[in-house]
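Here is a short briefing on one protein chain. Look through the sequence and the model first, then read the points below.

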Amino acid sequence: MESLAKSPLPTIPKPSPMIPTTHPFPACKVPLIRSEKKQRSRSRSRSGSGSGVATAGAVGSGSDGSDRGPARLLERTALGFAAAAAAAMISVGGGEPPARAESLTVAFPVSRAREVNRVQRTLVEAWGLIRETFIDPTFNHQDWDLKLQQTMVEMFPLKSADVAYSKISGMLSTLGDPFTRIISPKEYQSFRIGSDGNLQGVGLFINSEPSTGRLVVLSCVEGSPADRAGIHEGDELIEIDGENVAGIDGETAAQKLRGRVGTTVTVKLSSESEPGSGRELREVQLPREVIKLSPLSSTIISHKLPDGRESRTGYVRLAAFSQTAAAEMENAIKEMEHLGVQSYILDLRNNPGGLVKAGIDVAQIWLDGDETLVNTIDRDGNMLPITIGKGHALTHDPLVVLVNEGSASASEILAGALHDNGRAILVGHKTFGKGKIQRVTELHDGSALFITVAKYLSPALHDIDQVGIAPDIQCTPDALTLPRTPMLKEKDKAASLELDSCVMVAEHELEVQQSKGAAS
C-alpha cells in the first residue's frame, strides 16, 4: 500500500478554543491535534488521567515521517454500507503511534454516577474527533461547541450509562449524516468478529435502509440456520425475540441475532410469498451455530461455442471486502488462469462494502500501470486521487462486473475503477449510491466512533453518493434469479448460474469481446 499515492494528507487548521474555561465545573482537557503535511495520527484514541479529563484524536502528525497520506488513510478506514450484518465482515486495522497535541480545556459538570461520568469523557472525546475531522465543517450549520455544552447538561442528572450513550447518539444525529454514529463497546467487539472468518450466530446479512430505516435481508450464508429456514433476500425483519426493531440500526440488530452456540433466537419477518401477491408475516425460531465465513466463491462455467470451441469463463463472487478478500481473490484467479480460463465475471451484487484497503487491493489484481482508482474529497474541498502506483494485473482476459442496488461503498469504488479505466463492462442494475468514507476510531472506553471524513468520486469524476453507478447493460429484472449465497465452489453449481439472466448477459458480452479480439 505504500506505493498507492504520493500526495500528502490535507492540513486541517487548528480549531480555536471557543468554550469558556471560567465555568464553575471541573475542567476536561481535550487535545487539539496538530496537523502537518506528510503525516497522520493513529485512529485509536486513549484517555488521559485525572477527574474530568478525556482525549480526542484526529488527523495529525505520525511518527514515521512518511509521504503516504492517502494510502495511510485508506489503510485505517472502514468504508461501510449503512448496513451491518448478523454475519459482519467489516473490521478495523491496527493502530499507529499517537499524534502530538495541544490541549483545549473544556469545563463541564461531572456526574456523581461513575458509569455516567465515564460516558461524559467519551462524549468529550467523540465531540473533539467530530470537531476536527467531520466532512462538513459547519456541522450541519450549528454551533458544535454549544452542542457539547447542551449535551453535557442533559447528561448530568442521568444514572444509566445506556441512557447517557443515547445522548451522544442524539448529539451525532444533529449532524444530518446517518453514517456518523457511536456504538457501544459490546457492539464494537461484535463489529470486529467478522475479520476472523468465524462467528456465533444465524448466518444472516441485513441492511438498514437509510431512507426508511427498515431492516432488509441481503443474503444468507449457505447452510446456515437462516438459509435452512427459508429466509430470502428482500425479507424485512420486524421483530427479534418479540422486540420490535423499528428505529434500531443494523449493527444493533445484528448483535441481537448473535449469541452463544446452542441458544435460539426468534425472528418475525415480512415476506413476499409470490410476486404481486402482497406480503405476509411469519415467525421463525433459529438456532445459533458457529458460522464460517468466506467473502469469496468461484467456479468455472464451460460450454461449447457455435464453432465447436470450448469457452471457459471464470465466475468469482465477492460477498464483502474483508481483510482476506484480496488474498482469496488472487488465489482464485491464479488457479483459474492455470486451468485455462479465457474470460471472467466478477459478481459484486449485494456486496455492501467493507474495508477501503481491501477494495483497492482487489482493484490492483485487475489493473496495470498507474491508473487512478478513486478520488477522495476532504472537508475543505481538496481532491486527492488514489492511484495504483506500478500495478501488474494477474490477467488481461475480458472482464464483466455484475452490480445491483445492493452493491455499495467499496463495491462501487471497485466497479467505478474497473469501468472508468476501460477494464470492465458493467452489467446489472444501478448501484446503491454511497459515496462517503467513514473512519472508525476506538474510544477510551472501548466504544467506537464512525465519522464520515470524506466523500469520493470515480476515476472519471462521477459523483456516486445518492446517485449510484449505472451499468452499461441492464439485465431483465423479471428473469433475475441471483444466487442468495456465495458458496458456489462445487462444479455442479455452475449450471445454476445459467439460470441467472445477468450471468447470461455477461457471457454474451464476453463472447463479443473475445470475437473482437480474435478478429483483430
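Alanine 408 is buried, because its relative accessible area of 0% falls under the 20% cut-off. This residue sits in the loop between β19 (399-403) and α10. The model is a predicted one.

**Alanine 408 and its surroundings**
- Alanine 408 and isoleucine 469 are 61 residues apart in sequence. In space, their C-alpha atoms are 9.6 Å apart.
- Across the protein chain, consider contacts between residues at least 6 apart in sequence. Of these, 75% join residues at least 24 apart.

**The whole chain**
- The protein chain has 520 residues, and 57% of them count as buried.
- Its secondary structure comes to twelve helices and 23 strands.

**Helices α9 and α10**
- Helix α9 covers residues 356-366, and helix α10 covers residues 410-420.
- The two helices pack at an angle of about 25 degrees. Their axes are 9 Å apart.
- Angles under 35 degrees count as roughly parallel, so α9 and α10 are roughly parallel to each other.
- The crossing of α9 and α10 is right-handed.
- On the α9 side, the contact is made by Gly359, Ile360, Val362, Ala363 and Trp366. On the α10 side, Ile413, Leu414 and Leu418 take part.
- By class, this contact of α9 with α10 has seven nonpolar residues, one polar residue and no charged residues.

**How enclosed is α9?**
- Nine of the eleven residues of α9 are buried, so this helix is largely enclosed by the rest of the structure.
- The buried residues of α9 are Val356, Ala358, Gly359, Ile360, Asp361, Val362, Ala363, Ile365 and Trp366.

**The six-stranded sheet**
- Strands of a sheet pair through backbone hydrogen bonds, either parallel or antiparallel.
- Here, six strands form an open sheet with mixed pairing. Their order is β13-β14-β15-β19-β20-β23.
- Which strands are at the edges? They are β13 (296-304) and β23 (473-474), and each pairs on one side only.
- β13 pairs with strand β14 (residues 310-318) in the antiparallel sense, over nine bridges.
- Serine 298 has valine 316 of β14 as its bridge partner.
- Helix α8 (residues 325-338) packs on the sheet. This helix touches β13, β14 and β15 (343-347). The direction of α8 makes about 25 degrees with that of β13.

**Two residues with positive phi**
- Most residues other than glycine have a negative phi.
- Asparagine 350 is not a glycine, yet its phi is positive, at about 60 degrees. Asparagine 350 lies in the loop between β15 and β16 (354-355).
- Glutamine 466 is not a glycine either, and its phi is also positive, at about 60 degrees. Glutamine 466 is found in the loop between β22 (448-457) and β23.
- Is asparagine 350 buried or exposed? Asparagine 350 is buried, because its relative accessible area of 7% is under 20%.
- Is glutamine 466 buried or exposed? Glutamine 466 counts as exposed, because its relative accessibility of 71% is over 50%.

Conventions
Residues numbered from 1 in each chain as written. Predicted model: local features only at pLDDT ≥ 70, side-chain atom pairs only at ≥ 80, totals over all residues. Heavy atoms only, no water. Axes fitted to C-alpha atoms, helices over the stretch in contact; angles between N-to-C directions. Helix = DSSP H or I, 4+ residues; strand = E, 2+ residues; numbered from the N terminus. Parallel < 35°, antiparallel > 145°, perpendicular 65-115°, else oblique. Left-handed = near helix turned anticlockwise from the far one by under 90°. Contact = heavy atoms within 4.5 Å. Nonpolar A, V, L, I, M, F, W, Y, C, P; charged D, E, K, R; others polar. Buried < 20%, exposed > 50% of the residue type's maximum accessible area, 1.4 Å probe, protein only. Pairing = 2+ DSSP bridges.
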